[in-house]
Amino acid sequence: MVDPEAKWEWEFIRLPHKPDSPLSYRHVPGQGCLATSHLLVFLNGLILTQAGWYETIDFLQLRWAESNNSNRPSLLTYDRYGQAQSARDPADELHGGTHDIREVVRDLHVLVQEIWKAKHEDGTDSEATPLPKLIFVSNSIGCVIARLYADAYPGAVEALLFLDSNIANSDLVSVFPDPDAKDFDPAVLPEDATVEDLRHARAAYRAVFHPSVPNPEHLDRLNIAELLPYSDRPPFQGPQGGRGPWITVVGHDWETFAEEGSRGTLKVLKSLTNAFMNTAWAKYNEGLVRLTDEDRVRGPIIARACGHFIQRDDPALVAELTEHLLERLEKGR
């Protein structure tokens, strides 16, 4: 397979509040009315960078070409501070070497403003140019960023595609029962799992996924559960008379996720993953669909044969879901 980064060229932007720290991004111009009013932003997780969206964009553009679609928003991918080609966040120097997710949300807001002014300049006063309505396509912690952005800037987000959102209100370790708790009942374990298997699962998840584990981005995740303690609230406020935005919620395939977790670094029994982690994740996704009006939600959908990185495992599916979300948005305007 051709390296998706090979045919893409990054641009760099210096945000006014952090002028010495360039961000890498890619902007794809839109067409028609949606290009003048909407911006579709892809939000990375912690692991895959903006390059992880390039195949999805290729499939999306192919779908548009085949259907002769002449009304589509501009597309934006970017690497957050500390990711890939982007500079480290200067805010780290002020906060003991890290920055929190609220800083990420503020940076995203400034980025949207600056990109919109730079790429959609029409000769009018840029200060008077209205900001676009946003569409977020997000994976993993990118879904958390999307939620916090929509909460911080009510009415700014018109549609969201959640691809296997992080369970924001959990450290993931506590999803598995504690075998040392006084009320622990071994009967909750699957038939092929032992207490030692359970201890290993908790230890593996703590070492890799606990919010206290450092990451190359220097993103401090310790306050995320406090910021988003529930999956189903606070509800979103959309731009149309207070109605919520359009939402599609997608989860990973249980079998694929469990199989991947049984190998590599984690080596957690599939039965434990299915009994506890997959069950908790499915319940969380069921909460996400209640963030908007009932007639504006789709899902939860299971992305067949996909693990956590759905845009990597099936970019064609993500393109299809994105196109469907845009069609619903356009018809509902």
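1. The model is predicted: local features need pLDDT of at least 70, side-chain atom pairs count only at pLDDT 80 or more, and totals for chains, interfaces and linings use all residues. Residues are numbered from 1 along each chain as its sequence is written, and side-chain values use heavy atoms, with hydrogens and water left out.

2. Grid points are joined across faces, edges and corners, and a volume is the space filled by probe spheres set on the points.

3. A search of the whole structure finds 2 cavities of 30 Å³ or more. The largest cavity has a volume of about 70 Å³, and α3 supplies the largest share of its lining, 5 residues. Among the lining residues are L23, Y78, R80, D107 and L108.

4. The largest pocket holds about 960 Å³ of space. Its lining comprises 40 residues, of which I47, S140, V208, F209 and H308 lie nearest the centre. The elements giving two or more residues to this lining are α4 (141-152), α5 (195-209), α6 (224-227) and α7 (254-261). The second largest pocket has a volume of about 150 Å³, and its lining includes I167, N169, K283 and R290.

5. A nonpolar core is a set of buried Ala, Val, Leu, Ile, Met, Phe, Trp, Tyr and Cys residues joined through side-chain atoms within 4.5 Å; buried means under 20% relative accessible area, exposed over 50%, and partly exposed in between (1.4 Å probe, protein chains only). The largest such core has 64 residues, of which V41, I101, L108, F136, F162, Y205 and M277 touch the most other members. Helix α3 (residues 101-119) gives the most to this core, with 9 residues. Apart from it lies another core of 26 residues, among them V28, L40, L75 and L317.

6. Leaving aside neighbours within four places in sequence, F162 is in contact (heavy atoms within 4.5 Å) with residues including S138, C143, F236, V249 and L291.

Terms used. 1 Å grid on protein atoms, 1.4 Å probe; cavity = no way out; pocket = protein on both sides within 12 Å on 5 of 7 lines; lining within 4 Å. Helix = DSSP H or I, 4+ residues; strand = E, 2+ residues; numbered from the N terminus.
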